[in-house]
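Student: Could you walk me through this fold with me asking as we go? I would like to begin with the helices and then turn to the packing.

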Amino acid sequence: MRLLIDANVFLEVFLNQEQAETARSLLSMVAEHEMFLSDFTLHTIGVVLFRRQLYKTFREFVQDTIGRAGFSVLYLSA
C-alpha cells in the first residue's frame, strides 16, 4: 500500500505529543508499505524544528527517513 505521511505524524513523535505512540506505530510499518512525504511536509517539519532550535533532530530526520528508511519525497506542483 502507498501512504502519504503528513507532517503532523512526524511532529507527534519529535515533540512527544499525545499520539506519539500511535504515530511511531504507523512509521514502523515502513517495510510493509511504500511511504511518501511531500516536499511541503519536509519544509514544514524543518520550520517547526528550527523554531525550537532542534537542528540536529531535523538533520537526523532527513538522514533516517529519506536515507535509511527509504521514504520518497514527492514534489507537488499546483
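Tutor: What follows is a conversation about helices, packing and a few backbone details.

Student: Before that, what kind of model is it, and how are residues numbered?

Tutor: It is a predicted model, in which local features need pLDDT of at least 70 and side-chain atom pairs count only at pLDDT 80 or more, while totals for chains, interfaces and linings use all residues. Residues are numbered from 1 along each chain as its sequence is written, and side-chain values use heavy atoms, with hydrogens and water left out.

Student: OK, helix α4: how many residues, and what does it span?

Tutor: Helix α4 runs over residues 55-68, which is 14 residues, and its first and last C-alpha atoms are 19 Å apart, close to the 20 Å expected at 1.5 Å a residue. Helices here are DSSP runs of H or I with at least four residues, strands are runs of E with at least two, and both are numbered from the N terminus. The expected span is 1.5 Å times one less than the number of residues.

Student: Which residues of α4 are buried?

Tutor: They are F58, F61 and T65, where buried means under 20% relative accessible area, exposed means over 50%, and partly exposed lies in between, with a 1.4 Å probe and protein chains only. These three cover an arc of only 55° around the axis, which puts them on the same side of α4; the arc is that of the directions from the helix axis to the C-beta atoms. On the other side of α4, K56, G67 and R68 are exposed.

Student: Why would residues three or four places apart point the same way?

Tutor: An α-helix has 3.6 residues a turn, so residues at that spacing point the same way.

Student: And what do the buried residues of α4 pack against?

Tutor: They pack against α1 (7-14), β2 (34-38) and α3 (39-51), with contact meaning heavy atoms within 4.5 Å.

Student: Which residues of α2 are buried, and which are exposed?

Tutor: A20, A23 and L27 are the buried residues of α2, and they cover an arc of only 65° around the axis, which puts them on the same side of that helix. E21 and T22 are exposed on the other side of α2, and what covers the buried residues includes α1 and β2.

Student: Turning to the core, which residues touch the most other members?

Tutor: The largest nonpolar core has 18 residues, of which I5, F10, L27, L37, I45, F61 and F71 touch the most other members. A nonpolar core is a set of buried Ala, Val, Leu, Ile, Met, Phe, Trp, Tyr and Cys residues joined through side-chain atoms within 4.5 Å. The elements giving two or more residues to this core are α1, α2 (20-27), β2, α3 and α4, and the largest share, five residues, comes from α1.

Student: What is F10 in contact with?

Tutor: If its neighbours within four places in sequence are left aside, F10 is in contact with I5, L27, L37, T41, I45, F61, T65 and F71.

Student: How many aromatic pairs are there?

Tutor: A search of the whole structure finds six. One of them is F58 with F61, a tilted pair at 6.2 Å centre to centre with 35° between the planes. Rings of Phe, Tyr and Trp (its six-membered ring) pair if their centres lie within 6.5 Å, and planes under 30 degrees apart count as stacked, over 60 as edge-to-face and the rest as tilted. F58 and F61 both lie in α4, three residues apart, about one turn of the helix. Ring pairs also link F10, F14, F50, Y55, F58, F61 and F71 into a cluster.

Student: Switching to S38, where is it, and is it buried or exposed?

Tutor: S38 is found in strand β2 and is buried, with a relative accessible area of 7%. The side chain of S38 reaches the backbone nitrogen of T41 at 3.0 Å. Leaving aside neighbours within four places in sequence, S38 is in contact with L4, V73, L74 and L76.

Student: Last topic, then: which residues have a positive phi although they are not glycines?

Tutor: N16, with a phi of about 50°, is one of them, and it lies in the loop between α1 and α2. Q53, with a phi of about 60°, is another, and its place is in the loop between α3 and α4. N16 counts as exposed at 58% relative accessibility, and Q53 is exposed with a relative accessible area of 59%.

How values were computed:
A polar contact is a pair of N or O atoms within 3.5 Å; within protein, one must be able to donate a hydrogen and the other to accept it, and residues adjacent in sequence count only if both atoms are side-chain atoms.
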